[in-house]
Amino acid sequence: MVRCFVEFEKPKPVDTGDYLGCDVGVNAGVARSDGYIGQPLSPVMEEAQRKRSERQKQGHRKSSVRSAVKQVLDREARRVVKLAIRGDKTLVLESPKALKNLKLRGSIGAWAKQHFDVRVRQIAELEGVAVLDEWPAYTSITCLRCDYSDKQNRRGIDFCCQKCGFRSHADVLAARNLVRRATGRFQRVEA
C-alpha cells in the first residue's frame, strides 16, 4: 500500500461585502436569503426508513437512514458554493459553536445542520469562498420590517409578525436575518 499526499495552493477567501445567508431546517431543507427554498428533508428521511425496513425484512444488514439526507445536503452545499462564486458573494452560515449546542429535536435533529455546515466549509475552502459565522438565535422569529421578536411570530414554516403583520417563509427569513446580523443591522434581542 502506498499513500501519497498532495499539497496545492488554495485561493485566499476574501469578504466581498455582498452576502448570501443559508439556513437548514427539516421543513425546507436548505433555505437561502435570495428566496430559494430547498426540498424538505422529512420525506427523504421517511423514504430512506421505508427502504431500510424492507431491506431488513429480506435479511440485509442495517444501513444508515442519514446517508440519503446527507446526499441531499451535499448537493445543496455544492450549489450554494457555486452560486457564491458566480455572484461573488460571501456565505453566511450559522455558527458551528451554536450548532454544537443544539439539542436533538424531531427525527432529524442538529446533525443535518452540522453536516451541511461542514460540507459548505470544505467546498468553500477549496474554491476560495469566504464564509462568515453568525449566531442563529432569534433569526426565525424576528421580523425583517419592524425587528419585533416573539415566539408567536412563527408557526411551522410560516412567519407572521404579531406587531406589523409582515409574512414570510420562516426559514428564508432566518437566512435573511443571518445576513442582517453579518452586516450589523440585526438588533440584539433578548426574548
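Begin by selecting Arg86, which is exposed, with a relative accessible area of 67%. In this tour, a residue is called buried under 20% relative accessible area, exposed over 50%, and partly exposed in between, with a 1.4 Å probe and protein chains only.

The structure on the screen is a predicted model, in which local features need pLDDT of at least 70 and side-chain atom pairs count only at pLDDT 80 or more, while totals for chains, interfaces and linings use all residues. Residues are numbered from 1 along each chain as its sequence is written, and side-chain values use heavy atoms, with hydrogens and water left out.

Now select residues 66–86, the helix α2 in which Arg86 lies. Helices (H or I, at least four residues) and strands (E, at least two) are DSSP runs, numbered from the N terminus.

Next, select Arg79 and Glu76, whose side chains meet in a salt bridge (3.2 Å, N to O). A salt bridge here is a side-chain nitrogen of Lys or Arg within 4 Å of a carboxyl oxygen of Asp or Glu. Because Arg79 and Glu76 are three residues apart in helix α2, about one helical turn separates them.

Move on to Asp88, in the loop between α2 and β3 (90–94). Most residues other than glycine have a negative phi. Asp88, however, has a positive phi near 50 degrees and is not a glycine. Asp88 counts as exposed, at 51% relative accessibility.

Select Lys89 and then Asp18: their side chains form a salt bridge (3.0 Å, N to O). Lys89 lies in the loop between α2 and β3 and Asp18 in the segment before β1, so the pair ties together parts that are 71 residues apart in sequence. Both are partly exposed: Lys89 has a relative accessible area of 24%, and Asp18 one of 35%.

**The hairpin of β1 and β2**

Two strands pair if DSSP finds at least two bridges between them. β1 and β2 form a hairpin, with three residues between them, and Gly25 stands opposite Gly29 in β2.

Select Arg32 and Asp34, which form a salt bridge with their closest N and O atoms 3.2 Å apart. Arg32 is buried, at 10%, while Asp34 is partly exposed, at 43%.

Select Glu134, in strand β4. Glu134 is buried, with a relative accessible area of 17%. The C-alpha atoms of Glu134 and Leu93 are separated by 6.2 Å, although the two residues are 41 residues apart along the chain.

Asp147 has a positive phi of about 65 degrees without being a glycine, and is buried, at 19%.

Finally, display β5, β6 and β7, three strands that form an open sheet in that order with antiparallel pairing. β5 (154–155) and β7 (167–169) stand at the edges, each with a single partner strand, so one side of each has no neighbour in the sheet. Strand β6 (residues 158–160) is joined to β7 by three bridges. Which residue of β7 is the bridge partner of Asp158? It is His169.

**A last selection**

How many salt bridges does the structure hold? There are twelve. To close, select Asp23, Glu94 and Lys113, which are linked in a network of salt bridges.
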